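Please look through the sequence and the model before reading on.

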Amino acid sequence: MKKIECVIMDWDGTAVDYGCFAPVAAFLKAFAEKGLTVTMEEARGPMGMTKIDHIRELFKLPSVTEQFKQNYNRNWTEEDVVSIYKEFEKHLFASLEEYTTPIPGVIEVIEKLKRDGIKIGSTTGYTTAMMDIVLPGAAAHGYTTDNCVTSNNLPAGRPQPYMIYQNMIDLAIPSVQSVIKYGDTIADIKEGVNAGVWTVGVILGSNEMGLTQEETGKLPAEELNRRMAAVRKRMYMAGAHYVVNTIAELPEIIEIINHKMN
């Protein structure tokens, strides 16, 4: 019988760091130090990609390109990307441990899936050095996965599928039909689609929503529903098979997929 044998989780905005705020703050500070203004919405756009690729995408924004020309009387180069990346790393490493609290419901659902015999992998836009902070921080709060793969030593990060394939190798999962990729960014969705696995997006707590838990709770119901519907549409348009409000719905999605495959 065909069934889901592995769920590959994202980290920030999916498993920990409700709203995915750790990298956003670091991006804004790093660009500001170079006299460049990036909005929070712009900073969130490429989220999920490897961080140096993310910075490169922000440089490509017309507003940032124009600001750079005005400030430095030249076009930006790869050296400028690397320079800002170094500043980004400095800010991120200084605060990363503060953003390792699991999103509500994650620990309980993941523990249930583990008891059901499902292996829990993970992929991330962070580097191995960054995950060396996140992994023990999340574990101290009670959240662990069976495997974590970064794009270090792989051909590319998201949206390419290599981190998913490496998880499958590490966890001895022979078929993409037995895998779910679960994440909160468009890059997560595209990673899953490119890998040919079942792909599930999550809305609340996500980078795509970009709200703290308190802000989410204070939104009028009509506005909250409007924003959630917009995120749901973006995820489906990116190729998601399913989009859930919270991780509490994931076990039911697994049950549905298992039924479909048989």
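Q: Leaving aside neighbours within four places in sequence, which residues is R44 in contact with?
A: The model is predicted, so local features need pLDDT of at least 70 and side-chain atom pairs pLDDT 80 or more, while totals for chains, interfaces and linings use all residues. Residues are numbered from 1 along each chain as its sequence is written, and side-chain values use heavy atoms, without hydrogens and water. Contact means heavy atoms within 4.5 Å. On that basis the partners of R44 are G19, C20, F21, V24, N207 and G210.

Q: How far from R44 is the nearest side chain of opposite charge?
A: R44 is buried (under 20% relative accessible area, 1.4 Å probe, protein chains only). A salt bridge needs a side-chain nitrogen of Lys or Arg within 4 Å of a carboxyl oxygen of Asp or Glu, and R44 has none. The nearest side chain of opposite charge is D184, at 6.6 Å.

Q: Which backbone oxygen lies 2.8 Å from a polar atom of the R44 side chain?
A: R44 has no salt bridge. A polar atom of its side chain does lie 2.8 Å from a backbone oxygen, that of G19.

Q: What are the residue ranges of the two domains?
A: The bounds come from an automatic or database domain assignment. The C-alpha centres of the two domains lie 24 Å apart. Their contact takes 23 residues from domain 1 and 17 residues from domain 2. The ranges are 6-20 + 100-261 for domain 1 and 21-97 for domain 2.

How values were computed. Buried < 20%, exposed > 50% of the residue type's maximum accessible area, 1.4 Å probe, protein only. Lys, Arg positive; Asp, Glu negative; His and termini not counted. Polar contact = N/O pair within 3.5 Å; in protein donor to acceptor, adjacent residues only side chain to side chain.
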